[in-house]
Amino acid sequence: MTTKPVLLIGDGAATLTDLIDVARDRRRVALAPEVAERMAPSRDWIEGIIGGMEAGKDTAPIYSINTGFGSLAGRQAFDDPADAAELSRRLILADAAGVGRNVDEEVVRATIFIRIVSLTRGYSGVQFAIVQGLIDMLNKDVFPAVPEYGSLGASGDLIPLAHIAIVLTAPPNVGGKPVEDDPLDSGEAFVDGRIVSGVKAMAHAGIPRIPISAKDGLALLNGTSFSAAQAALALWDAQVLLDTATITAVMSIEALRGFGDAFIAELHDARGQKGQIAIAARIRQLLSDSSFVTGDRDSNPDRQPPQDAYSLRCVPQVFGPVKDTLDFVGGIIETEINAATDNPLIIPELPSSRSLKAVSGGNFHAEYLAFAADFLSIVVTEIGNITERRLFRLDDGTLNRGLPDMLVASEKVGLDCGFMLPQYLAAALVSDCKTLAHPDSVDSIPTSANQEDHVSMANNAGRHARTIVSNIQQVVAIELLMATQALELREIERKGTGQTMGTASRAAVALVRGTPASDGRPNGHLKKDAVLYPRIRAVAELVTSGAVIRAADAALSAPDGVEAETDDETTTEPRAGSDTGAAR
């Protein structure tokens, strides 16, 4: 759990960093003092409508308060004010219809966080108690079981959000008194690794379930929070992945005795693309004291022609647009985290000439997030595409400039497979991503009797983006492992020449070799075949946690002759000084 102070929600824009703190590090949250005042006008308008109904006032149909939903909205207006609360309850029961595996706790926590931020904008008309209940769920680690399938990314993430709302809320009071709260209608949540009823989970946490009232149900369900959570988590991991992949690419470039001409600043300035210029500068920094790479702006390369294969030479031209795209995606996602996305929105400040303050629109439509997740999926797949090509080159004795076949100096050629199979694994993972990266946002299937005739499929896009990032984390981990082996072999080959790997790469190699395999055995230089999956698992954790970035940056910033220390933190922000991502 993070040691950061309690995060106040509602006193400013929430950031991607805030979301990660809450979702992954269980940072505690509270509502800013001004939230209650900001939420009050929209709730007062709702209660005024219900009060009028209770007094027998003739009330026109108001969507989501005294009408049905979707294509049922125009069928009938309810006269009994009790029906307004019952409508909210039945909506939650009807929409809790998801299937598939239950998503990770971090996705649920991120979703709840985003929903709180949205509701505290003050346009949703919910009871203040609803938002406080969501705060309590985060702070007391209530983890609703939310199936991954069901959202269309329009009309809001109705199904997954219903699986959270059903745990939070109880049946409406009747005559001011609570009614029986059937555990079978309370959803499911995890307690100590076991799935229990929502009633039991909330009781275990000491949180009262909130009797539902008018407008609460749709406000909890009708929004982009689940799709936004998926995309936000994928973005954060993609930012760390890109920074790490730049380091492992440099390790491979060194191991393959690449040419530095491809990274000279003036070459990239001539094109003018921001991301490309930044990636090239980072590569120059990482290569600054390597003697395995030849040629720079001050000296000629020692071999001709000074042109590497594209998977080495064109890293800035590939990772640059990846970086720029992630920056663009970051802007969309941070805006969406802070957006009011339910329907209708209650806007009390509309002119007095308009008595209907409930405004129906389409802020629930998640096309922004669908595009963002699709773009993210495409560019992260490209990280894997070019990385896998370097793995192939490292293994191939005809392409790796003198290193042993399959990166193992076997006693007898053919006796050991070395790193043959990790390249197979990378190829399988990248191929999977090529299928998953097909844009979900270009698909739409009409629903609700054609009232909802165009949907974004943002949740599918977010799920696929998360899978793609996970796959490519493994591919980059394989490069980290193989490039470490290759650099050691290169130093053995060049012994006595004075040529050595650079400081950043040496720090990464030391990190790999100092991290035990997942089975507890040393992750040492491979001299003969050994079981590789425990080694891959261990280095994958170094990639996902950002440990490689921290090790390289610490080594580069350490005074000459002082060995940088590494830490065991499990999360990192994208590299300081980078423009990648929105959270700074």
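**Ground rules.** I'm working on a predicted model, so to speak: local features need pLDDT of at least 70, side-chain atom pairs count only at pLDDT 80 or more, and totals for chains, interfaces and linings use all residues. Residues are numbered from 1 along each chain as its sequence is written, and side-chain values use heavy atoms, with hydrogens and water left out.

**Entry 1, the pocket.** I began with open space. A pocket here is an open set of points on a 1 Å grid over the protein atoms alone, with protein on both sides within 12 Å along at least five of seven lines, and a lining residue has an atom within 4 Å of a point. Volume is the space filled by probe spheres set on the points, which are joined across faces, edges and corners. The largest pocket comes out at about 600 Å³. It has 31 lining residues, and Gly70, Ser155, Leu158, Ser448 and Glu452 are the closest to its centre. By class I get 14 nonpolar, 14 polar and three charged. For the record, Ala, Val, Leu, Ile, Met, Phe, Trp, Tyr, Cys and Pro count as nonpolar, Asp, Glu, Lys and Arg as charged, and the others, Gly among them, as polar.

Which helix gives the most to this lining? It is α3, with three residues. Both α3 (82–95) and α6 supply at least two. Helices are DSSP runs of H or I with at least four residues, strands are runs of E with at least two, and both are numbered from the N terminus.

I find one cavity of 30 Å³ or more. Ile112, Arg115, Leu134, Leu161, Ile164, Ala165 and Leu220 line it. The lining splits into six nonpolar, no polar and one charged.

**Entry 3, aromatics.** I count a pair when ring centres of Phe, Tyr or Trp (its six-membered ring) lie within 6.5 Å; planes under 30 degrees apart are stacked, over 60 edge-to-face, and the rest tilted. The structure holds three such pairs. Phe328 and Phe375 have centres 6.2 Å apart and planes at 35°, so I log the pair as tilted. Phe328 is in helix α13 (residues 315–337) and Phe375 in helix α14 (residues 367–395), so the pair ties together parts 47 residues apart in sequence.

Phe371 and Phe375 have centres 6.0 Å apart and planes at 15°, so that pair is stacked. They are four residues apart in α14, about one helical turn. Phe328, Phe371 and Phe375 form one aromatic cluster.

How covered are they? I use buried for under 20% relative accessible area, exposed for over 50% and partly exposed in between (1.4 Å probe, protein chains only). Phe328 is partly exposed at 48%, Phe371 is partly exposed at 35%, and Phe375 is partly exposed at 32%.

I also checked for charges over rings (NZ of Lys or CZ of Arg within 6 Å of the ring centre and within 35 degrees of the ring normal). The charged end of Arg389 sits over the ring of Phe392, 4.6 Å from its centre.

Helix α9 (residues 225–255) has 31 residues and should span 45 Å at 1.5 Å a residue; its end C-alpha atoms are 45 Å apart, which agrees. The expected span is 1.5 Å times one less than the number of residues. In α9, 31 of 31 residues are buried. Gly217, in helix α8 (residues 216–221), is buried at 0%. Its C-alpha is 4.2 Å from that of Ser88, though Gly217 and Ser88 are 129 residues apart in sequence.

Most residues other than glycine have a negative phi, and most peptide bonds are trans. I listed exceptions:

- Gln304 to Pro305 is cis, with omega near -10°; Pro305 is in the loop between α11 (274–286) and α12 (310–313).
- Asn343 to Pro344 is cis, with omega near -5°.
- Ser155 has phi near 60° and is buried at 7%.
- Met457 has phi near 60° and is buried at 5%.

Terms used:
On a 1 Å grid over the protein atoms alone, a cavity is a set of points where a 1.4 Å probe fits but cannot get out, and a pocket is an open set with protein on both sides within 12 Å along at least five of seven lines; lining residues have an atom within 4 Å of a point.
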